Amino acid sequence: MIACYGLTGGIGSGKSTVAKLFESKGARIVDTDVISHDLTAANGLALPAIRQEFGDTFIGQDGALDRDRMRTLVFSDRAALHRLQAILHPMILEQAKSCANTPTGAPYTLVVVPLLFESGRYRDWLSGVIVVDCPEELQIARTLQRSALDEPTVRAIMAQQLDRGSRLRQADETILNDGSLMQLEHRVCEMHKRLAGC
Ligand SMILES: Nc1ncnc2c1ncn2[C@@H]1O[C@H](COP(=O)(O)OP(=O)(O)OP(=O)(O)O)[C@@H](O)[C@H]1O
Ligand SMILES: [Mg+2]
């Protein structure tokens, strides 16, 4: 099997941007956000368990998870968050492994996992973890510019995530995303050459 690396980083650090750049170089990307979304879409594999645990009111008219309602619940109720994670996390991991095991012409796979270190489930099967890193003020500015969240909410989300120093200490590789997109592409290109062995 080809090598499989994790890609993680705090909210707004640039994970999706970096993943797209690696993909453009030839890496295979497995995105756990996409897997999570598919599991909770209409007819998604996680819906029967979610319906049983939380009831019909959390399933929308379209048959998919009512994400707004669930987000509101789990933001204020940690027990509910853990109940949801107990359903979703093992399924996401299983699907990520299954995607990473399918044959590919790519030289390696990158598995994008926002809360990789926090979840504690991924280290064992990954060859290494790449952390996308930038100063916290830049994380906040990028997230505010891209989403409808306000600054206190972004700071509250960051407080629930691992702090920058702890994340960096656990990294096998780091991509610093504190400059222009051109600089970022250059850094990705250099790392890709190393990971692909070319
Ligand atoms: N080097 C950069 N220069 C300018 N804008 C950037 C740079 N890196 C990322 N961005 C922008 O910052 C925003 C956040 O980046 P991105 O979506 O890649 O982060 P993320 O870590 O995937 O966020 P999330 O945790 O919400 O999934 C996006 O609008 C992206 O276009
Ligand atoms: Mg993203």
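What percentage of the 198 residues in the protein chain do buried residues make up? The answer is 26%, where a residue is buried if 20 or more other C-beta atoms lie within 10 Å of its own, exposed if 12 or fewer, and partly exposed in between, with C-beta atoms placed from the backbone.

Two notes on conventions. This is a predicted model, in which local features need pLDDT of at least 70 and side-chain atom pairs count only at pLDDT 80 or more, while totals for chains, interfaces and linings use all residues. Residues are numbered from 1 along each chain as its sequence is written, and chains are lettered from A and ligands numbered from 1 in the order in which they are written.

**Whole chain**

Start with the protein chain as a cartoon. It has 10 helices and five strands; helices (H or I, at least four residues) and strands (E, at least two) are DSSP runs, numbered from the N terminus. The C-alpha trace spans about 50 × 40 × 30 Å along its principal axes. Of the contacts between residues at least 6 apart in sequence, 74% join residues at least 24 apart. Two residues are in contact if their C-beta atoms, placed from the backbone, lie within 7 Å.

**Two domains**

Next, colour residues 1-27 and 106-198 as domain 1, and 35-105 as domain 2. These bounds come from an automatic or database domain assignment. The domain centres, taken over C-alpha atoms, are separated by 23 Å. Eight residues from domain 1 and eight residues from domain 2 make the contact. The domain 1 side of this contact has five nonpolar, two polar and one charged residues. For these classes, Ala, Val, Leu, Ile, Met, Phe, Trp, Tyr, Cys and Pro count as nonpolar, Asp, Glu, Lys and Arg as charged, and the others, Gly among them, as polar.

**Ligand 1**

Select ligand 1 and its shell. How many residues surround ligand 1? There are 15, and the closest are Gly14, Lys15, Ser16, Thr17 and Arg142; a residue belongs here if its C-beta atom, placed from the backbone, lies within 6 Å of the ligand. Helix 1 (15-25), helix 7 (136-146) and helix 10 (181-196) are the elements that give two or more residues to this shell. Helix 1 gives the most, with three residues. By class, the shell has four nonpolar, eight polar and three charged residues.

Move to helix 2 (32-39). Its buried residues are Thr32, Ile35 and Ser36. They lie on the same side of helix 2 because they cover an arc of only 100° around the axis, the arc being that of the directions from the helix axis to the C-beta atoms. Strand 2 (28-31), helix 5 (78-101) and strand 3 (108-112) are among what covers them.

Then pick Asn43, in the loop between helix 2 and helix 3 (47-54). Asn43 counts as exposed because it has 8 C-beta neighbours inside 10 Å. Its phi is near 65°, a positive value in a residue other than glycine. Most residues other than glycine have a negative phi.

Go to Glu137 in helix 7. Glu137 is exposed, with 8 C-beta neighbours inside 10 Å. From Glu137 to Arg155, 18 residues apart in sequence, the C-alpha distance is 9.9 Å.

Leaving out residues up to four places away in sequence, Leu149 touches Thr143, Leu144 and Val154. Its C-alpha atom is separated by 12 Å from that of Gly12, 137 residues apart along the chain.

Pro152, in helix 8, is exposed, with 8 other C-beta atoms within 10 Å. Pro152 and Ile140 are 9.8 Å apart, C-alpha to C-alpha, and 12 residues apart in sequence.

Finish at Met1, in the segment before strand 1 (3-8). Met1 counts as exposed, with 9 C-beta neighbours inside 10 Å. The C-alpha atoms of Met1 and Thr104 are separated by 9.7 Å, and the two residues are 103 residues apart along the chain.
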